[in-house]
Amino acid sequence: EKRSRRRAAHNAVERRRRDIINEKIQELSTLLPDHHLLPTDAQNKGSILRRSVDHMRGVQALAGRQADRITELE
């Protein structure tokens with residue numbers, strides 16, 4: 001009885017954790033520019049995460065280049 005209740009509580013917590021992770025991965029997919037996500041990747045969590053990282057690296061590189069350019073112009 002006690003073990004069963006603990007297991008059920010743990011399962012509920014774990015399910016909520018997975019739901020939150022899945023919701024945020026789907027949100028990431030909506031934030032990616034269209035050219036970063038292929039239609040076949042729409043439901044693939046690994047692709048969404050990989051393409052999100054690629055996009056963020058590109059944004060960081062662009063920001064670095066722009067900062068360098070600003071320094072050159074000063």
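Reply: A residue is called buried under 20% relative accessible area, exposed over 50%, and partly exposed in between (1.4 Å probe, protein chains only). The model is predicted, so local features need pLDDT of at least 70 and side-chain atom pairs pLDDT 80 or more, while totals for chains, interfaces and linings use all residues. Residues are numbered from 1 along each chain as its sequence is written, and side-chain values use heavy atoms, without hydrogens and water.

Of the 74 residues in the protein chain, 12% count as buried. The chain has two helices and zero strands; both terms refer to DSSP runs, numbered from the N terminus (helices: H or I, at least four residues; strands: E, at least two). Helix 1 covers residues 2-31, and helix 2 covers residues 45-73.

The structure contains four salt bridges, each being a side-chain nitrogen of Lys or Arg within 4 Å of a carboxyl oxygen of Asp or Glu. One of them joins glutamate 27 to lysine 24, with an N to O distance of 3.2 Å. These two residues belong to helix 1 and stand three residues apart, about one turn of the helix. Glutamate 27 is partly exposed, because its relative accessible area is 38%. Lysine 24 is also partly exposed, at 48% relative accessibility.

Another salt bridge links glutamate 23 with arginine 16, at 3.9 Å from N to O. Glutamate 23 counts as partly exposed because its relative accessibility is 47%, and arginine 16 is partly exposed with a relative accessible area of 45%.

Serine 29 lies in helix 1, and with a relative accessible area of 12% it is buried. The side chain of serine 29 reaches the backbone oxygen of glutamine 26 at 2.6 Å. Lysine 2, also placed in helix 1, is by contrast exposed, because its relative accessible area is 58%.

Notes
Polar contact = N/O pair within 3.5 Å; in protein donor to acceptor, adjacent residues only side chain to side chain.
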